[in-house]
Amino acid sequence: MTKTNRLTSLLGIEKPIISGGMVWCSGWRLAAAVSNAGGLGLIGAGSMHPETLLEHIQKCKQATTRPFGVNVPLLYPEMDKMMQIIMDEKVPIVVTSAGNPKTWTGKLHEAGCKVLHVVSSAKFAQKAEAAGVDAIVAEGFEAGGHNGREETTTMCLIPSVVDAVKIPVIAAGGIASGRAIAAAQCLGAEGVQIGTLFALSEESSAHPDFKQACCAAGEGDTALVLKKLAPTRLLKKGFWEQVVAAEDRGASAEEMQALLGKGRAKKGIFEGDLAEGEPEIGQVAAQISSIQSVAEIMQSLNEEYEKVMG
């Protein structure tokens with residue numbers, strides 16, 4: 001899986017694999033491990049204050065000499081400070097999401113950063129291309145955490161986005177095997193972004209109880225909820241029951257926001273409180289039964305990919 005294409009050349013990586021920038025999972029350890037294994041590791045800035053992000057960037061620099069990046073949800077607070085840190089620290093790659101890519105793409109380019117943007121539709125892929133981003137991450141609704149309102153599956157989304165833009169497309173959502181990487185490439189993607197599989201790795205900063213609960217999940221054990229706020233895929237545990245009960249009685253968006261409150265994702269993922277926390281994870285967790293190191297994961301992905309591709 002070392003074939004050079006537009007994406008590997010753009011990012012300066014060996015394998016066309018990017019780790020998702022997942023809140024409470026994607027710290028410097030995970031990012032550095034993925035980069036050291038030949039992919040592109042991402043630090044997930046969505047759960048970090050500016051000073052925390054700076055610490056993770058500097059530690060990642062010490063742990064790898066290879067390219068790494070930062071994922072930044074554009075609607076999060078303190079965006080000016082976050083972006084200034086990224087530019088000052090000369091982070092080579094930035095993956096933006098949940099906002100308008102026009103706002104920061106030009107400034108990031110001036111600072112020498114490559115910019116990728118996450119979308120859930122061909123329409124938004126075209127807008128991101130027009131904003132000047134270097135590549136598109138097209139994420140199907142199988143993915144864990146926050147999702148697009150279109151609820152388009154990865155199998156349908158990737159060819160639509162590939163046909164809509166001229167820049168490289170990275171497939172995301174439901175990818176956790178060499179077979180899935182091969183399938184994504186057959187659909188026209190030049191790389192993949194993998195979230196759930198890396199969220200459950202040894203190097204992920206998620207709580208062991210969260211990892212074990214996800215590894216025990218079976219088919220149908222996640223659900224897309226909170227559609228009145230921002231569609232979010234959760235493990236069917238604890239807090240999910242409260243959300244479903246509220247939605248079934250027709251709770252308003254304001255009531256749902258009050259129920260969600262603050263810090264639910266941290267409770268569920270980072271602290272392992274599956275009763276009151278928000279355990280965000282993708283459908284593909286049903287295919288994962290054990291916690292492995294990033295090195296083991298990358299080796300397994302590569303071996304299966306080579307077997308499939310012959």
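## Close-up views of a predicted protein model

**Figure 1. Lysine 90 sits in the loop between helix H4 (79-88) and strand S4 (93-97).** The model is predicted. Lysine 90 is not a glycine, yet its phi is positive, at about 55°. Its relative accessible area is 64%. The residue therefore counts as exposed, since the cut-off is over 50%.

**Figure 2. Glutamate 151 occupies the loop that runs from strand S7 (145-146) to helix H7 (154-164).** Here too a residue other than glycine has a positive phi, and the value for glutamate 151 is about 55°. Is glutamate 151 buried, exposed or partly exposed? With a relative accessible area of 32%, glutamate 151 is partly exposed. Strand S7 covers residues 145-146, and helix H7 covers 154-164.

**Figure 3. Threonine 64 is held in the loop between helix H3 (50-63) and strand S3 (68-73).** Threonine 64 has 6% relative accessibility, so it counts as buried. What does its side chain reach on the backbone? It comes to 3.0 Å from the backbone nitrogen of arginine 66. A second polar contact, of 2.7 Å, links the side chain of threonine 64 to the side chain of asparagine 36. Beyond four places in sequence, threonine 64 touches Ala32, Ser35 and Asn36.

**Figure 4. Glutamate 190 lies in the loop between helix H8 (178-186) and strand S9 (191-194).** Glutamate 190 has a relative accessible area of 15% and is buried, because buried means under 20%. Which side chain makes a polar contact with the side chain of glutamate 190? The partner is arginine 6, at 2.6 Å. Asn5, Arg6 and Leu7 are among the residues in contact with glutamate 190 once neighbours within four places in sequence are set aside. Pro16, Pro168 and Val169 also belong to that list.

**Figure 5. Leucine 274 is placed in the loop between helix H13 (264-270) and helix H14 (294-309).** The relative accessible area of leucine 274 is 18%, so this residue is buried under the 20% cut-off. Which residues does leucine 274 touch, leaving out those up to four places away in sequence? They are Asp209, Phe210, Ala213, Lys237, Gly238, Phe239, Gly268 and Pro279. Gly268, one of these contacts, falls within the 264-270 range of helix H13.

**Figure 6. Leucine 274 and glutamate 190 are shown in one view, 36 Å apart from C-alpha to C-alpha.** In sequence, 84 residues separate leucine 274 and glutamate 190. Leucine 274 is buried. Glutamate 190 is buried as well. Each sits in a loop: leucine 274 between helices H13 and H14, glutamate 190 between helix H8 and strand S9.

Figure 7. The C-alpha trace spans about 50 × 45 × 40 Å along its principal axes. For 310 residues, a compact globule would have a radius of gyration near 19 Å, and the chain agrees with this at 18 Å. Of the 310 residues, 55% count as buried. Among contacts between residues at least 6 apart in sequence, 62% join residues at least 24 apart. The chain exposes about 13200 Å², and carbon and sulfur atoms supply 50% of that area. There are 29 positive and 35 negative side chains. The centres of these two sets lie 4 Å apart.

How values were computed. Residues numbered from 1 in each chain as written. Predicted model: local features only at pLDDT ≥ 70, side-chain atom pairs only at ≥ 80, totals over all residues. Heavy atoms only, no water. Rg over C-alpha atoms; globule rule 2.2 N^0.38 Å. Buried < 20%, exposed > 50% of the residue type's maximum accessible area, 1.4 Å probe, protein only. Contact = heavy atoms within 4.5 Å. Areas by Shrake-Rupley, 256 points an atom, 1.4 Å probe, with all protein chains shown as cover. Lys, Arg positive; Asp, Glu negative; His and termini not counted. Charge placed at Lys NZ, Arg CZ, Asp CG, Glu CD. Helix = DSSP H or I, 4+ residues; strand = E, 2+ residues; numbered from the N terminus. Polar contact = N/O pair within 3.5 Å; in protein donor to acceptor, adjacent residues only side chain to side chain.
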